[in-house]
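Hello,

Here is the structure we talked about handing over. My notes on what was found in it follow below.

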Amino acid sequence: MTVLKFGGTSVGSSKNINNVITILENYSKKEPVISVVSAIGGITDKLLLAGKQAQNKDTNYIDVFLTIKSIHSNITKELNPKNSSSIIAFLDDKLEALKSLLDGIYLINELSPKTTDKLASYGEILSSHIIAETLKNRGLQASCKNSQELIVTNSNFTKAEVNYSITNKNIQTYFELASEKITILPGFVAKSVAGEQTTLGRGGSDFTAAIVAAALKVKQLEIWTDVSGMFTTNPKLVKQAYPIDRISYQEAMELSHFGAKVLYPPTVQPVLNLNIPIHIKNTLEPEASGTIISNELPQSTSPVKGISNISNIALLTLQGSGMIGIPGFSKRLFETLSLEKINVILITQASSEHSICLGIDDLDAERAKASIDTAFENEITLHKIDPIFVEKGLSIIALVGDNMKNHQGISGKMFSSLGKNNINIRAIAQGASEKNISAVIAEKDVKKALNTLHEQFFELRTKQLNVFITGVGNVGEKLVEQIKQQRKYLKDNLKINLRVIGLSNSKTMVFNEEGIPLHSWKEQLAQGDKATLDGFFENIKALNLRNSIFVDVTANQDVANLYPKYLRESIGIVACNKIACSSNFENYKLLKRLSLKYNAPFLFETNVGAGLPIIDTLGNLIASGDKITSIHAVLSGSLNFVFNNFNDKTKFFDVVKQAAAEGYTEPDPRIDLSGVDVARKILILARESGAEINLEDIQNTSFLSESGLKSNTVANFYNTLQTDEAHYQKLYASAKAKNCQLKYVAQFNKGKASVSLQEIPQGHPFYNLEGKDNIVMFYTQRYPEQPMIIKGAGAGAEVTASGLFANIIRIGNIN
């Protein structure tokens with residue numbers, strides 16, 4: 001014999017009930033089946049609502065009653081289109097009695113616990129009759145047995161306690177004689193020894209099924225619901241969550257206590273006592289394997305079985321020096337809450353005895369505070385303790401697993417992964433059994449926390465990166481295309497799941513929490529919301545995704561000014577924009593400090609040399625203990641392109657225009673040609689070498705004409721290039737006469753930096769530098785004569801994008 005229980009969603013519509021009937025028919029071909037059914041989804045709530053309205057003299061109870069009647073009538077007719085009359089007659093009779101009960105409540109203006117039980121029992125009585133009669137109409141050997149005739153309780157209405165000796169005998173006697181293949185039992189309902197209608201409280205239908213299964217000592221109890229078992233965490237919040245194949249009773253109890261809604265722990269106690277396995281199955285996906293709950297489990301390789309959470313938590317803190325070494329504070333505290341019938345969900349106490357923290361339901365917080373402050377009024381008046389401190393808007397997250405006690409470092413991994421994502425922990429609780437590690441966090445961080453922990457403990461070391469890119473012009477567009485091209489490679493080979501969540505240009509911005517489809521990102525961005533810098537930041541902050549990375553592909557001062565706000569939210573930054581790192585030294589140091597404090601990577605490799613590993617190499621030299629003595633470099637790919645293509649047969653204006661057209665210069669070429677861009681680059685390298693230096697400390701010897709330096713617009717600047725051609729030809733002629741090449745050189749030596757156009761002689765490493773290439777020579781204590789040289793393309797959208805991409809991947813590889 002098999003016992004199956006179907007919940008409210010499983011019998012919530014004619015479509016779902018048809019699934020139930022198919023399951024029962026298949027099972028009954030092998031052995032007799034007992035099916036415990038809940039009320040049709042939502043009906044119990046409607047019954048209680050109607051009762052409360054009637055008690056309050058609110059005539060809307062009639063509308064609710066009519067809705068209840070309509071739902072049952074419609075489902076009956078949909079299930080039995082040709083022969084529903086007898087079922088409808090039964091329903092009418094029962095519903096007429098229900099209407100009379102509601103009318104009585106309205107007239108006497110009272111709803112006692114006893115009447116509440118009578119009222120609430122209608123849901124299961126009606127659903128069980130509809131299902132049993134439909135089974136008969138379809139030619140199946142079925143009957144409906146009223147559980148009130150089997151399960152006997154005391155008269156503790158709304159949460160009656162079962163008399164097992166009488167109940168077990170009733171169940172065993174009935175089913176010894178029962179001949180039907182399928183027996184339908186209404187869940188939740190019972191009768192007292194005195195014959196009064198009672199109910200079994202929350203999770204009552206599960207309780208009914210467990211009582212029957214235990215009385216008959218069946219091999220397994222099956223609970224059919226709308227999910228495919230118990231999941232590793234909440235699948236509505238974590239897309240990667242998956243069903244757990246097998247789990248112990250204790251693990252299931254812990255997960256259920258901490259928010260997993262599949263089971264209500266007290267109701268399955270009868271089968272737990274007899275070690276009867278519970279199989280959680282999905283009515284909507286009968287073929288899914290589901291979850292088996294038992295104490296006979298295979299050896300698990302994973303110490304953590306699941307992650308759960310309880311929302312709407314308030315944290316109460318009782319603290320004060322007067323508590324230290326004084327017995328009885330805890331007793332009085334818990335007695336006070338017990339008298340108010342307030343359930344304590346989490347307890348933690350410092351070993352100093354200076355404070356006790358309690359987690360309770362948000363709804364009970366004000367009542368708890370008032371009662372505790374009253375109970376400890378004398379101690380508060382004498383300043384021995386503080387008034388109770390209440391924090392709301394919190395949630396509890398919990399790691400659960402029987403084997404956690406046998407593995408070192410579980411709590412360390414938990415707390416470090418949360419910390420890396422700026423999830424602040426308000427309280428921690430862990431029992432000596434180590435089956436559960438709980439932490440109290442802000443409600444707003446729950447989704448990020450669950451995803452972070454699930455990634456840490458359940459996914460195949462795949463790290464999700466959530467990227468937000470502002471500035472999708474030339475370089476930004478190339479970056480998006482490179483991400484699109486390499487996403488599968490990153491996931492398969494580097495275990496990095498890189499998603500572009502937000503994009504912005506100067507006009508519009510677009511966000512998609514599940515990741516923007518990169519095949520159509522341009523169309524989506526064009527239809528996006530109006531872009532603002534603060535709006536982009538606020539959207540990223542509101543999404544609150546783990547491993548968030550802000551990518552700045554602009555040259556915008558206002559964007560750079562927002563970096564501290566991003567870092568304080570533990571949002572990593574990958575910057576092409578040089579303004580922040582070349583701003584005043586105090587701001588540069590602030591960004592570095594914030595990066596460390598909030599565990600938010602701040603990477604800016606492309607500030608110098610586009611995709612060349614210049615800053616990374618410099619950092620490795622410093623980290624390994626080497627010391628920079630001097631730096632000599634050609635750091636402007638645009639200027640190198642200009643002077644490699646400028647000669648006595650070309651015009652300086654034409655070469656600069658060509659450089660701009662090919663994307664080698666900034667939109668404002670004055671930034672490149674004035675030497676400011678190069679000065680910023682050598683400033684960044686000097687700072688990364690350990691020097692405290694500002695932009696104004698760098699000697700910048702300009703090669704531009706006087707009128708070019710004074711130009712106040714881009715158009716005017718281009719005009720000066722044409723009118724002052726002779727000035728630039730003179731520079732070229734001087735170099736040519738000495739058999740030299742013109743190179744714009746940056747130098748850092750003994751704490752001082754300079755940038756200038758120089759005539760480079762033949763044989764020098766800079767002489768044959770071609771096209772848009774950059775070159776950097778690091779002279780160090782370890783490389784005093786033969787410098788470490790880094791050379792390659794230092795400008796261009798593709799290589800700059802690849803440098804940004806490399807920084808993003810680097811963040812993905814940080815543990």
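**Aromatic pairs and the rest of the fold**

Phe 511 has a relative accessible area of 22%, so this residue counts as partly exposed. Phe 468, by contrast, is buried, with a relative accessible area of 0%. Please keep in mind throughout that this is a predicted model.

A search of the whole structure gives 25 aromatic pairs. Phe 468 and Phe 511 make up one of them, a tilted pair with 6.3 Å from centre to centre and 45° between the planes. The pair links distant parts of the chain, since Phe 468 belongs to strand E18 (residues 463-470) and Phe 511 to strand E20 (residues 508-511), 43 residues apart.

A second pair is formed by Tyr 563 and Phe 602: the ring centres are 5.9 Å apart and the planes stand at 70°, so the pair is edge-to-face. Tyr 563 is in helix H20 (residues 563-568) and Phe 602 in strand E24 (residues 602-603), so the pair ties together parts that are 39 residues apart in sequence. Tyr 563 and Phe 602 are both buried.

Two lysines sit over tyrosine rings. The charged end of Lys 57 is placed over the ring of Tyr 106, 4.6 Å from its centre. Lys 657 lies over the face of Tyr 718, with 4.2 Å to the ring centre.

**Sheets**

An open sheet of six strands has the order E26-E28-E27-E25-E29-E30, with mixed pairing. Its edges are strand E26 (699-701) and strand E30 (788-793); each has a single partner strand, so one side of each is left without a neighbour in the sheet. On average, neighbouring strands of this sheet are turned by 20° against each other, direction ignored.

E26 and strand E28 (residues 752-760) run parallel and are joined by three bridges. Gln 699 stands opposite Ser 754 in E28. Helix H22 (residues 614-623) packs on the sheet and touches strand E25 (628-634), strand E29 (773-780) and E30; the direction of H22 makes about 10° with that of E29. Helix H29 (residues 725-737) lies across strand E27 (741-749) and E28, and runs at about 75° to E28.

Another open sheet has three strands in the order E4-E6-E7, again with mixed pairing. Strand E4 (152-153) and strand E7 (197-199) stand at the edges with a single partner strand each, so one side of each has no neighbour in the sheet. Strand E6 (residues 189-192) and E7 run antiparallel, joined by three bridges. Lys 191 has Gln 197 in E7 as its bridge partner.

**Overall dimensions**

The protein contains 30 helices and 30 strands. Its radius of gyration is 37 Å, whereas a compact globule of 815 residues would have one near 28 Å. Taken along the principal axes, the C-alpha atoms fill a box of roughly 115 × 75 × 55 Å. Of the 815 residues, 54% count as buried. Among contacts between residues at least 6 apart in sequence, 72% join residues at least 24 apart.

Regards

Notes:
Residues numbered from 1 in each chain as written. Predicted model: local features only at pLDDT ≥ 70, side-chain atom pairs only at ≥ 80, totals over all residues. Heavy atoms only, no water. Pairing = 2+ DSSP bridges. Helix = DSSP H or I, 4+ residues; strand = E, 2+ residues; numbered from the N terminus. Axes fitted to C-alpha atoms, helices over the stretch in contact; angles between N-to-C directions. Contact = heavy atoms within 4.5 Å. Phe/Tyr/Trp six-rings, centres within 6.5 Å; stacked < 30°, edge-to-face > 60°. Buried < 20%, exposed > 50% of the residue type's maximum accessible area, 1.4 Å probe, protein only. Lys NZ or Arg CZ within 6 Å of the ring centre and 35° of its normal. Rg over C-alpha atoms; globule rule 2.2 N^0.38 Å.
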